Amino acid sequence: MHKTANRSPSDLSKNFSSLGRVIRKLFSYYPRLAPLTVFCILFSAVVSAIPSLFVQKVLAVVEELFVSRDWEAARPVIVHYLLILVSLYLLSLIAMTLYTQIMAFMTQGFLDKLRREMFDGMQELPLRYFDTHAHGDIMSHYTNDIDTLRQLVSQALPNLIQSGAIVLAVFAVMLWFSLWLTLVLVLGIVAMFYTTKFVGGGSARYFMRQQEATGTMEGMAQELMSGQKVIKVFNHEQESIADFEKANDELFEVSRKANTYASLLGPIMANIGNLLYVVLALVGGVFLLSGIRNVSLSGLPFSISILVPFLNMAKQFTGNVNNLSQQFNAIVMAGAGAARVFSLIDEAPETDDGYVTLVNVREENGVLVETEERTRHWAWRHPHTADGAVTYTPLRGDVRMVDVDFAYEEDKPVLFDISVYAEPGQKVAFVGATGAGKTTITNLINRFYDIADGKIRYDGINVNKIKKADLRRSLGLVLQDTHLFTDTVLENIRYGRLDATDEECIRAARLAGADDFITRLPQGYQTELVGDGANLSQGQRQLIAIARAAVADPPVMILDEATSSIDTRTEAIVQRGMDKLMEKRTVFVIAHRLSTVRNADVIMVLDHGRIIERGSHAQLIAEKGTYYRLYTGAFELE
Amino acid sequence: MIKTMLKSLREFRKPTILTLVLMVAEVLIDVLIPFYTADLVNSVKAGVPMNEVIGPGLILVVMAILSLIFGGAAGVTGAHASAGFARNLRGDLFKRIQTFSFENIDHFSAPSLVTRLTTDIQYVQMAFMMSIRLAVRSPLMFLFSVIMAFIMGGALAMAFVIVIPILALGLIFVAKKAMPAFRSVFSKYDRMNESVEENVRAMRVVKGFAREPFEKKKFAAASDNIRRDFTYAERIVALNGPLMQLCLYLNMVFILYVGSRMIISSGGSTIDVGQIAAMMTYGVQILMSLMMISMIYVMLTISLESMRRIAEVLSTEASLKNPPSPLTEVPDGSIDFENVSFKYSVDAPRCAVEGINLHIPSGATVGILGGTGTGKSTLIQLIPRLYDATGGRVLVGGSDVRDYDLKTLRDAVSVVLQKNMLFSGTIRSNLRWGDADATDAEIEEACRLAQADEFIRAFPDGYDTRIEQGGTNVSGGQRQRLCIARALLKKPKILILDDSTSAVDTRTDALIRQGFRSYLPDTTKIIIAQRVASVQDADLILIMENGRIVASGTDETLLKDCAIYREIVEQQTKGGGEDA
């Protein structure tokens, strides 16, 4: 059913270009701060490379003067150099403090913007997207994927810039000192490069597999934990332990490998650095002794005052190369994360070319006039493209479908020749097996899914011309799977119409027959609902959903198995409210329970996407067809 | 708490200890390296013959190789130990959960158990790995480096006396300030993710009410709130870097100044240039290890909450236990309730069921009717001891359910739960839950009884049809019938259907009951239903309200004596109307 997100690292070039996009985005969000940060990082990197020059100068002075034992003579020179050193340090500190603070600010700001862009985009996606993507996968964009980007922006990128700059700067200074020694160093760098490629690559590969295995483990834990009671009832504990341990072992294997590679990288790189140090010292010693002519940018002759700072710089150099290689993992992971984040952001939004809008109107001299005030009278504002004229059609709730065919997937049609005429105030019921297409019809009316032009008309207007939000505002919806939000009962009801007063919400709850149980909740209407209303029974949740639709007060209502979980005794109590709710409204009812649809004006019996019978209850009973057999219990609805 | 968890280390104790030992060895070498480096530099500087320079050089090479071996090996064993510890911990956690009673499961709730099995364990694994690799390494590194610095540098080492307290105080300040900020951010983060999940789940409602702008605003506020708090926390932590750098610089300047002075005034007799270089290296090592210690501290505190949540599960004893010498044979399917009452928790103001006195003879069919929340499900869950009665006792086959071996009892009492569930696998593998050794003939027979055989055969893959997670690819009625077949395969003495045919049509429902009558005459059958027709022909019908049995009898007597029953019957049969 659900296709799982592709987590394979196969598409490396896509991941790589996604990284580029992250960086461009970062700069476009922060056109001033981002370059400033880069500048500060570079500045502090360069500034921290220069001091070794002065350290060398100090040491040179010491070497020159220590035989003289004349501290007083050496002091001014040394203090002079040290003062330069201190001021360089100060500059570096200021730059560093500045950029680390900006980074903290910028990272979180960037993630916030990215999250919102993702969420805003997601709100515009067609339902099809949510039908075809597992919710766990959608969620992981907000958790795991964003987290990889947090690592990238707050740690990997600054490290990359800084270490990269230091490496380059130090390299230049080393050339200043000695070409021969620098060449030796280059050999070491080649070794380090291949180590990173091999060990770091292995680590990145296994970390991705670890993520996959973690996903599998999560799915499994989810299934077994939610089925825990069934497991108990069937004494199935040992079997589920065996299943779980299998997934657990797999996770262990990849996790062990991933972490092994990752923790090998550090020591290997560090000790290549150490070896390099020794080799440099030895080679330096040989140079000193043999008196080979030094080749360098500075033209300085070879001496101990060159060798000591050079060795220090070599340490700094290899340390930073090590640091660079440690970012490898984070960058590969962030590339994959970024690709997934962008795949959500780039998803094509629900198309909405509608230009007919729903507006408040007032009647003046028999003409409808648009107004800003809440008149509770609504009309469709219809600007005509042909002549630029604007007409107003009063909102009545007349819905017509003519010869509608529909397929969710091409070549797999689910609806054939559906024609439905619902006049304002009429109640139309759909009856049929699961998969017969009942819900699909209502999904077309509110344009959860789109069909070819002109076949569905609302108050005579082609629904494709109506702005989706306005169309849906005019259609009240109560679904079988009620979904409530983490908030108070009152706010959940108000969800139907955001500007409804408390009184209006309570009145709607009374109408739905929900007031009775709500007032008996610990905090009444102020009771917080959590976990999709887990603290309520399914029936109570449906009552709140009905109240939510009631407060919206729309001319058309779609009730999709709205009372399926309410027991028949309670339903009888609710029924009066429901009848009142349906009064003067066009209502589409889908129900399993035939008692619910009995008093509809017209009942449509659906079978495999076709309307096979239509008529009132009495007519259909008299026909003695499918409806009759359903009604007498001789036929099963699934 | 930590002790509870460390019990799960078991076979990974060895690699853990090995890691610690290897880390100590690596530290020793890492600390000695600058010492020999100074030696090398001095030899080079002194212009000693090449063969004498090679000596310390070779020692250094050997040391680097040893350090690589120790460090690498510690990496291998450390990864092995921490991944293994996580595996054992996860397995132990899961096994512990398997012993839990319904009460325990209710207490923890499924989503929270999932988090503990996944995210929490991940945090602990990370903290553990960091601890065994760095918790020994960093303090040791710190200690050795300080000692070596004093041995080598003498008076120069005084620099650290100034620098270390500055850094330590700074780090403590940062950690103390950042910790609560991070903790609050993480919980906000979790809440935001929950609300995104809620939004994704409820997408039809959001779109149906055209509430996209409202949801966007809600999310933007939550996201911005996190940005603010997270920025605050990160900015505090961001002070660590400059602080560390400041200390390094201070150290550098001090050593350079004092060192030069010492060398020059003594004419190079007390210390030399090589030692100055070594002192700088030690400075970096000392300050880095301090930094690491503070990182471990932060990491451990962050994972503290995860540890607490894991330990909580591990130390929770199952609230239902097997008796010491259990009965392993259920003689028959008779059931007695003797003045039974039950509360879901001690603090609950009201009993979920109370004052239940009832005798059900073996082989009888009992129907239970009543509105939602009247205690029907609670009552039947006391029979297979899914919960223990708070007052009175429940007897099966003449003995108290608490005297039976739990497995024996639950094998004899088969319940089809209201919230039933199929698991990912095939239809056949799901049915085998009832009896792992069932033959294909037995499976098909059970399915025929549950009126499932026909639709299963209509699937292209028949009994080997795959069931998706949550059983979403079969209809509600089909799922219910599969669950009934699964329960039948247990060949129970008592069969309980808790609203298990609500999505099945009346005719099939009747066929199922008819099958029970002819093929399971000796099995006691308890049927909870919304539909009167499902219970009308039962030997005994119970009407429940507010946790009590308010009326009992047969269809005939109840129609005469019970107003509620009459009301229900009238509503459902008015004009022949029925659930379809």
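In this predicted model, 123 residues of chain B are in contact with 130 residues of chain A, two residues being in contact if their C-beta atoms, placed from the backbone, lie within 7 Å. On the side of chain B that touches chain A, helix α3 (residues 50-99) of chain B gives the most, with 25 residues; helices here are DSSP runs of H or I with at least four residues, numbered from the N terminus. That side of chain B divides into 53 nonpolar, 44 polar and 26 charged residues, where Ala, Val, Leu, Ile, Met, Phe, Trp, Tyr, Cys and Pro count as nonpolar, Asp, Glu, Lys and Arg as charged, and the others, Gly among them, as polar.

Within chain A, helix α4 (residues 71-123) and helix α10 (residues 304-345) pack at an angle of about 40°, their axes lying 8 Å apart. The two helices of chain A are therefore oblique to each other. The α4(A) side of the contact is made by A:L114, A:E117, A:M118, A:G121 and A:M122, and the α10(A) side by A:V341, A:L344 and A:I345; by class, the contact has 6 nonpolar, 1 polar and 1 charged residues.

Further along chain A, helix α14 (residues 502-512) has A:C505, A:I506, A:A508, A:A509 and A:A512 as its buried residues, a residue being buried if 20 or more other C-beta atoms lie within 10 Å of its own. Because these residues cover an arc of only 155° around the axis, they lie on the same side of α14(A). Just after α14(A), A:G513 takes a positive phi of about 75°.

Residues are numbered from 1 along each chain as its sequence is written, and chains are lettered from A in the order in which they are written. Local features need pLDDT of at least 70 and side-chain atom pairs count only at pLDDT 80 or more, whereas totals for chains, interfaces and linings use all residues.

Terms used:
Axes fitted to C-alpha atoms, helices over the stretch in contact; angles between N-to-C directions. Parallel < 35°, antiparallel > 145°, perpendicular 65-115°, else oblique. Buried ≥ 20, exposed ≤ 12 C-beta atoms within 10 Å, placed from the backbone. Arc of directions from axis to C-beta.
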